[in-house]
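Please view the sequence and the model together.

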Amino acid sequence: MSLLDEIEAAIPSLRRYAHALMRDRDAADDLVQDSLERALSRRHLWRGDGPVRAWMFRILLNLHRDGLRQAPRRHLVAVESLPKEPAGPERQEAHMDLREVQAAIGRLPDDQRRALLLVALEGMSLAEAATLLDIPEGTLVSRLGRARAALREMTGRTAPQKKEGRA
Amino acid sequence: MTGPEPIREEDLVAYHSGALDTAARDALSARIAADPAARATLAEWDRQDAALAALYGPVAEEPLPAAHRALLAAATTPPRRPTAQLLAAALALLAIGSTAGWFAAGARAPGVHAFTIADDALRAHVTYVAEVVHPVEVAADQADHLVQWLSKRLGHAIKAPDFAAEGFRLMGGRLLPGDKSPAALFMYEDDTGRRLTLYALPEGGAENSAFQFMSYGETQGFYWHDAGLSYAVIGDLDRDRLRTIALAAYDQLI
């Protein structure tokens, strides 16, 4: 498979990640388009030292960070304006309200959202995700823990304080 | 009330991410089996993953947008070789190399003007690293012209240091407005597209200073003053790597 083919093959997961990261189709497509442009324009510099997909994720993450600095509040505002549905802790149904999850993802701090989606959505290993984010694995683990706990709380599914079962 | 110590969250994260070896996994499985709170947490995390897959999984099945396909189609024609690497390698390397003890020597608290420089350098960095189409005014393939032009406008001989050893190539540079004199900005990029900038501003009266570290969220930098010029190296790198690059700049700009 040529490098160009590998780049193309990485696009679907890049798109999935970008859409979850931005929660805005146009912004996500723009981010992938810019990433693709960057990857293609420097593919002659590609040294073949690792998976192409990881390289492209790294490019996307760099662009995402750069872009956020330029318009730091843009997406946050959109998400904050979504109606909040405070849910009781008794809600333990098997499926989560997807809209609520989507809004909760948007309220996570950027670093937590980037980390959580690499692992929870893209199925990357802790080692892979830590390398991509340039952070130690221990930092990633606590970031994931915080992200998952925040998500659980925001979707009204906090761990019950008074245990109904026997511990 | 649960008897043994509760399972640590980091262990649950490692367990859930499949990061444990068989022995550790088996040991933890037994403890989880006896811990309803841990089981509930893991089940909740499974539901989170399922919700994410339901929300965004279908995106990966969609046909690629036309704009992406157009880029790929255009890329089937071979790219032209960049001259940036050659130029970067050819840049004179005036490494005097005596950085030992330098941090200790002449260290002083940064003055107000130092913060102004840090702030200006940071704003220039943030403004231009995000630029996709026009990140630099003069590209690295005209590096000689760039350096001569900036030296003339700043009234100081200035160079674009070579950070190839750190994996960063010169992209080019631009002239920026400054307080009393224009400032120069050089931009560098690694092969993942991560960018860093070197900012230089003539500052006649300022005293030489040790490296000062600054941090603004994920963006960090070192700035210093040396022989009539104030410098800042700024990027989204960890502090040690950035320090190595700043030292390389210092050595080459001396």
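## Basis of the model

This is a predicted model, in which local features need pLDDT of at least 70 and side-chain atom pairs count only at pLDDT 80 or more, while totals for chains, interfaces and linings use all residues. Residues are numbered from 1 along each chain as its sequence is written, and chains are lettered from A and ligands numbered from 1 in the order in which they are written.

## Contact between the chains

Chain A contributes 52 residues to the contact and chain B contributes 46 residues; two residues are in contact if their C-beta atoms, placed from the backbone, lie within 7 Å. Among the elements of chain A that give two or more residues to this side are helix H1 (3–22), helix H3 (52–70) and helix H8 (137–154). Helices (H or I, at least four residues) and strands (E, at least two) are DSSP runs, numbered from the N terminus. H3(A) gives the most, with 10 residues.

## The sheet of chain B

Chain B holds an open sheet of 7 strands with antiparallel pairing, in the order S1-S2-S3-S4-S7-S6-S5; two strands pair if DSSP finds at least two bridges between them. Strand S1 (138–139) and strand S5 (212–216) of chain B are the edge strands, each pairing on one side only.

Strand S3 (residues 183–189) and strand S4 (residues 195–202) of chain B are joined in the antiparallel sense over 6 bridges. Tyr188(B) stands opposite Leu196(B) in S4(B).
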